[in-house]
Amino acid sequence: MTEYVIVTETGSDVHADVAREYGIEIVPMHVNFAGVSKDDDSFPTEDLYKNFEETGECPHTAGCSPADFTPVFDRIHAQKPDARIVYLAYSSATTVSMESARIAAEGRDYVLIIDTKAFSSAQYLIVTNTARWLRQNPDVTDYDIMEYVSDQARRIRFAFLPGELKFLRAGGRLTNTAYIGATVLRIKPTIEDIDGKLVATKKRYGSIYKCMAELCEHFCTREPMDLSRVVFTYTSGDQPDHRMRDACEKIVRRHGAQEIEWVKSGCVIASHSGPNSFAIASMAAK
């Protein structure tokens, strides 16, 4: 029986407590703001937002480098020389992390690299589902793992609503004209994970609470879903806004959701979505 050790990066929003629970190794992505580069998940998202409010400077993110992966691969192999490493990568369409892992893995036949085509709570769901599955199926092969993760990547569904459009405008992700029009009309764009890329798919109108409710309803009903696990993401505060939490949980439970988790984003995800953002992730039915 081969032991497998899962590795992923901080952009998965698998934080230290969950990583310890599942035995997952985390590699830091990076955030640049206020003239310095910091490891993702080493400081609160509120630091980003405070700096933005004070300076108007939007943070910039960077994927993992080969130098980030090398010590992690070395340490795992030294501690568990007979184990195989399964790196479940942040979508390769959006960052260099997976390519960096390939460089770090050269000459290491014990490293298996798989693109989840996901990020944030979508990647969180794939990574933790895989960790659970490995515990339940200790005799699997590399091929079995690749098939399982590929199926997860095919069925993952993820959508988010940015909370404050001025943050997206400052980061160059929204033009000034689009920002003014969206603000006047109270437009909230829905952003979805489409084959590993973030794509604007629908405009919603009204308060953030109204738009979140509409998104949850649409998410649960547009196609047959496996709602055995639903993961919500928030980007501000120590806990999700109670009004948001109660409304969203009520909707997904009405559609059969069983296990519901709320995950606060790390700083890489928060740098792209902004404060007071909301996301939902789950699996389409097989």
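Here is a walk through the structure above, from the whole chain down to a few single residues.

This is a predicted model, so local features need pLDDT of at least 70, side-chain atom pairs count only at pLDDT 80 or more, and totals for chains, interfaces and linings use all residues. Residues are numbered from 1 along each chain as its sequence is written, and side-chain values use heavy atoms, with hydrogens and water left out.

Start with confidence. The mean pLDDT (the predictor's confidence in each residue, from 0 to 100) is 90, and 92% of the residues reach 70 or more. Residues 170–185 are another story: pLDDT there is below 50, though the stretch still has 22 contacts in the model beyond near neighbours in sequence. Contact here means heavy atoms within 4.5 Å. Where pLDDT is low, the predicted coordinates should not be read in detail.

Now zoom out. The chain holds 11 helices and 13 strands; these are DSSP runs, with helices being H or I of at least four residues and strands E of at least two, numbered from the N terminus. Its C-alpha trace spans about 60 × 45 × 30 Å along the principal axes. The radius of gyration is 19 Å, which agrees with the value near 19 Å for a compact globule of 286 residues; it is taken over C-alpha atoms, and the globule rule is 2.2 Å times the number of residues to the power 0.38. Of the contacts with a separation of 6 or more, 77% join residues 24 or more positions apart.

What share of the residues is buried? It is 53% of the 286, where buried means under 20% relative accessible area, exposed over 50% and partly exposed in between (1.4 Å probe, protein chains only).

Two buried residues have backbone angles worth a look. Asp13, in the loop between strand S1 (4–9) and helix H1 (16–22), has a positive phi of about 60 degrees although it is not a glycine. Its relative accessible area is 1%, so Asp13 counts as buried. Ser120 also has a positive phi, near 50 degrees, and is found in helix H5 (residues 120–136). With 2% relative accessibility, Ser120 is buried.

Last stop: Thr70, in helix H3 (residues 66–79). Thr70 is partly exposed, at 27% relative accessible area. Leaving aside residues up to four places away in sequence, Thr70 touches Ala104 and Arg108. Ser100 sits 30 residues from Thr70 along the chain, with 9.5 Å between their C-alpha atoms.
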